[in-house]
Amino acid sequence: SDIDVFGISDSAGLEDVSLAFSPGSMIGGSYKEAQKFLRILLSDRGTLSGKLDYGTDFYKKLTTGVILSEAQFKVYFAAAKARAIAFLQSAKLTEGGIRDTRFRDDEIIIEVDITSLIVNLDKVRVTFKFTFLDDKADIIIPVGIPVGV
C-alpha cells in the first residue's frame, strides 16, 4: 500500500517531496517521531520481535472493512493512538522507569488529534496534529491511506 504522508495529491504520477534541508540530511525531532507514530499506528500487533506491545492492528481494521465511517474511524483511532503513544513513551524510559535524558522535548509526543477526516470506500484522508512536550515542535501532517480491496 502507498501511504502519502507529507501531502495529499490527486496526481497519478510520482512527485518530489522535500523531507530534509539538504542532500544527505536526516529527518529528526518532531518529524522523526511523527514517522515512528505512523509506523506503529499502521503496523499489526506483535510484528516486532520481542515487543508484543508494538503495533495496533488499526491498518488491518481499515483494509478489512471493519472501519466504514468517520465515527468508527475516530473510535478505533482513539484506542490505537493510545497504544502507539504508550509504546513510544515506554521506549524512552530507562530501566528505572525514568525518562531517558537523551531524548529531547521535541521527541516526546503527548497527543495526536484529527483536524480533518474524510472516509471513502477506497481511501481515507486524514490530517493529524501532533502535540509534543516542546510546544514549539507541534506539526500538522496530512495522510492519505488507501483502504480499497
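Two strands are taken to pair if DSSP finds at least two bridges between them. In this predicted model, strands β1 and β2 meet that condition in the antiparallel sense, over 9 bridges. Within this pairing, leucine 117 stands opposite valine 126 in β2.

Together the strands make an open sheet of 3 strands in the order β1-β2-β3, with antiparallel pairing. Its edge strands are β1 (109-119) and β3 (139-146), each of which pairs on one side only. On average, neighbouring strands of the sheet are turned by 25° against each other, direction ignored. In general, strands of a sheet pair through backbone hydrogen bonds, and the arrangement may be parallel or antiparallel.

Two helices are placed against this sheet. Helix α1 lies across β1, β2 and β3 and runs at about 135° to β2. Helix α3 packs on the sheet as well, where it touches β1 and β2, and its direction makes about 155° with that of β1.

The two helices also meet each other. Packed helices are described by the angle between their axes and the distance between the axes. For α1 (residues 29-41) and α3 (residues 70-90), the axes come within 9 Å and cross at roughly 125°. Angles over 145 degrees would count as roughly antiparallel and those from 65 to 115 as roughly perpendicular; α1 and α3 are therefore oblique to each other. Their crossing is right-handed. On the side of α1 the contact is made by Glu33, Lys36, Phe37, Ile40 and Leu41, and on the side of α3 by Phe77, Ala80, Lys81, Ala84, Ile85, Phe87 and Leu88. By class, the residues of this contact divide into 9 nonpolar, no polar and 3 charged.

A search of the whole structure finds 7 aromatic pairs. One of them joins phenylalanine 37 and phenylalanine 130 in an edge-to-face arrangement, with 5.5 Å centre to centre and 85° between the planes. This pair links distant parts of the chain, as phenylalanine 37 belongs to helix α1 and phenylalanine 130 to strand β2, 93 residues apart. Phe37 is also among the α1 residues that make the contact with α3.

Conventions:
Residues are numbered from 1 along each chain as its sequence is written. This is a predicted model: local features need pLDDT of at least 70, side-chain atom pairs count only at pLDDT 80 or more; totals for chains, interfaces and linings use all residues. Side-chain values use heavy atoms; hydrogens and water are left out. Axes are lines fitted to C-alpha atoms, for helices over the stretch in contact, and angles run from 0 to 180 degrees between N-to-C directions. Helices (H or I, at least four residues) and strands (E, at least two) are DSSP runs, numbered from the N terminus. Angles under 35 degrees count as roughly parallel, over 145 as roughly antiparallel, 65 to 115 as roughly perpendicular and the rest as oblique. A crossing is left-handed if the near helix is turned anticlockwise from the far one by less than a right angle, and right-handed if clockwise. Contact means heavy atoms within 4.5 Å. Ala, Val, Leu, Ile, Met, Phe, Trp, Tyr, Cys and Pro count as nonpolar, Asp, Glu, Lys and Arg as charged, and the others, Gly among them, as polar. Rings of Phe, Tyr and Trp (its six-membered ring) pair if their centres lie within 6.5 Å; planes under 30 degrees apart count as stacked, over 60 as edge-to-face and the rest as tilted.
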